[in-house]
Amino acid sequence: MELTKEEDRLLAGEKGPRVQECMRILTALGDLYGAKRLVPVWSVQLSGISFKTMGLPGTEFLEEMAAETKFAVPTTINPAGYDVGGPGLVHPSPEFKEKQDRIVSALMKLGAIPTFSCTPYTTDFAPPRGAHLAWAESSAVIYANSVIGAYSNREGAPSALAAAVIGKTPDYGLHRPEGRRPEVIVDVDTSKGPMLYTVLGAYLGKMLGQRIPYFRGIRPDLDGLKEIGSTLSAWGAVPMFHVEGVTPGSEHYEVRGLERLQVDAPAVGEFQRCLGCNETPQLVAIGCPHCTKGELIQIAQTVKKKGRKLKPGTELWVCSNRQVIQETAPAVEILRQAGAKVIQDTCMVVAPLGEKFSTVAINSAKAAFYMNRKSFSGQKVVFDSTENLVDRYL
Ligand code: F3S
């Protein structure tokens, strides 16, 4: 990779061993994937900042970084393990809280922006079309590439951290036009009934792996695009998708001759039945990825229309970020009146739910992907649409 004189000096250790380590990570990645240069990034999004995912070695590493360096570009961060800046609705153990607070204070010292959300594109830090990014949250990466028309690879924790310190990322993959081309056509047949976009993405993510699909036959709105992307990228490793006539630039791609897949509602519905069980949940959790303003208002309207209050013995969490919660105050009030907890800064997956919530009802196939894994959460999952969850548990 060709480096500028300044980059060469950073690699030689001019700004200390931590910055040098970051340059080594970026140049090693660039060499591995054939990048010709580093490209400046507009922002970085760090994921895995809950103590549940970071663990003690990660916490100590972050503290060492914070003692020596600072982020060079705006760096937003994923949900933490509890509602660190909220009214204390999530109750971690004192040990967990102490470790989580150490992570947060190291991040603040490094200069992170306290968004604590997997949907940075719903905040003041939404990137413009054409911006180069180094984002690590997979659902945000796919949204940025597909819906906003920004450019980001799916960064891992070390490469995102390195990009935040250096302010640059290797120019390969999704940063290049050739890395963004559709690879398979997906014809969605909606004539046999409706399907949930979150399940459609999960069903296809399993099949597609890393391949970029070009959807025909659907016209999702922004929240629908968010749902499809979040599960394509969790159940598979899809970094971007196109929807004919919907996503930016879809009209410029030549798709003749590509492999074709066909999907219909019965196939997606059958897959949906495998996502959960029939047990009674102690927690109903909505907002994976974090609710947008539109989603939060929609849930509040559904609750209001049905005139329901939460049944005793069940908690309802609606997870979103600070800014969205602040900007939807009337909807938040309706939800609170109905007995819901509107949760900021964390989510049902990265908070330690423990035995208190051994069965959780969710409307997100991304949350189902993680919560069903014994190694991650080990909760039992009840899966249904938002509307049906409100009907069943309120
Ligand atoms: Fe966001 Fe948590 Fe889901 S970080 S994407 S709400 S698993």
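Student: Which side chains meet in a salt bridge with 2.8 Å from N to O?
Tutor: Those of Glu7 and Lys168. A salt bridge here is a side-chain nitrogen of Lys or Arg within 4 Å of a carboxyl oxygen of Asp or Glu. Glu7 belongs to helix H1 (residues 5-11) and Lys168 to strand E5 (residues 168-170), so the pair ties together parts that are 161 residues apart in sequence. Helices (H or I, at least four residues) and strands (E, at least two) are DSSP runs, numbered from the N terminus.

Student: How many salt bridges does a search of the whole structure find?
Tutor: The search finds 26. This is a predicted model, in which local features need pLDDT of at least 70, side-chain atom pairs count only at pLDDT 80 or more, and totals for chains, interfaces and linings use all residues. Residues are numbered from 1 along each chain as its sequence is written, and side-chain values use heavy atoms, with hydrogens and water left out.

Student: OK, domains. How is the protein divided?
Tutor: Into domain 1 (5-177), domain 2 (181-272) and domain 3 (283-393). The bounds come from an automatic or database domain assignment.

Student: How many residues of domain 1 and domain 3 are in contact?
Tutor: 27 residues of domain 1 contact 22 residues of domain 3, where contact means heavy atoms within 4.5 Å. About 1,900 Å² is buried between domain 1 and domain 3, 58% of it on carbon and sulfur atoms. Buried area is the accessible area (1.4 Å probe) that two parts lose on being put together, summed over both.

Student: Which residues in domain 1 lose the most area to domain 3?
Tutor: Lys52, Leu89 and Thr122, which together make up 28% of what that side buries. The centres of domain 1 and domain 3, taken over C-alpha atoms, are 27 Å apart.

Student: What about charged pairs there?
Tutor: The count between domain 1 and domain 3 is one salt bridge. Elsewhere in my notes on salt bridges, Lys366 pairs with Glu137, with 2.9 Å between the closest N and O atoms.

Student: New topic: sheets. In what order do the five strands of the open sheet stand?
Tutor: The order is E12-E11-E10-E13-E14, with parallel pairing. Two strands pair if DSSP finds at least two bridges between them. At the edges are strand E12 (341-344) and strand E14 (380-383), each pairing on one side only. From one strand to the next, the twist averages 30 degrees. Axes are lines fitted to C-alpha atoms, for helices over the stretch in contact, and angles run from 0 to 180 degrees between N-to-C directions.

Student: Over how many bridges do E13 and E14 pair?
Tutor: Four, with strand E13 covering residues 359-362. Thr359 stands opposite Lys380 in E14.

Student: And the sheet with three strands, what is its order?
Tutor: E3-E2-E4, open and parallel. Strand E3 (75-77) and E4 are at the edges with a single partner strand each, so one side of each is left without a neighbour in the sheet. Neighbouring strands are turned by 15 degrees against each other on average, direction ignored. Strand E2 (residues 43-46) is joined to E4 by three bridges, and Gln45 has Trp135 in E4 as its bridge partner. Helix H6 (residues 157-166) packs on this sheet, touching E2, E3 and E4, and its direction makes about 145 degrees with that of E2.

Student: Where is the cis bond with omega near -10 degrees?
Tutor: The bond runs from Cys288 to Pro289. Pro289 is in strand E10 (residues 283-291).
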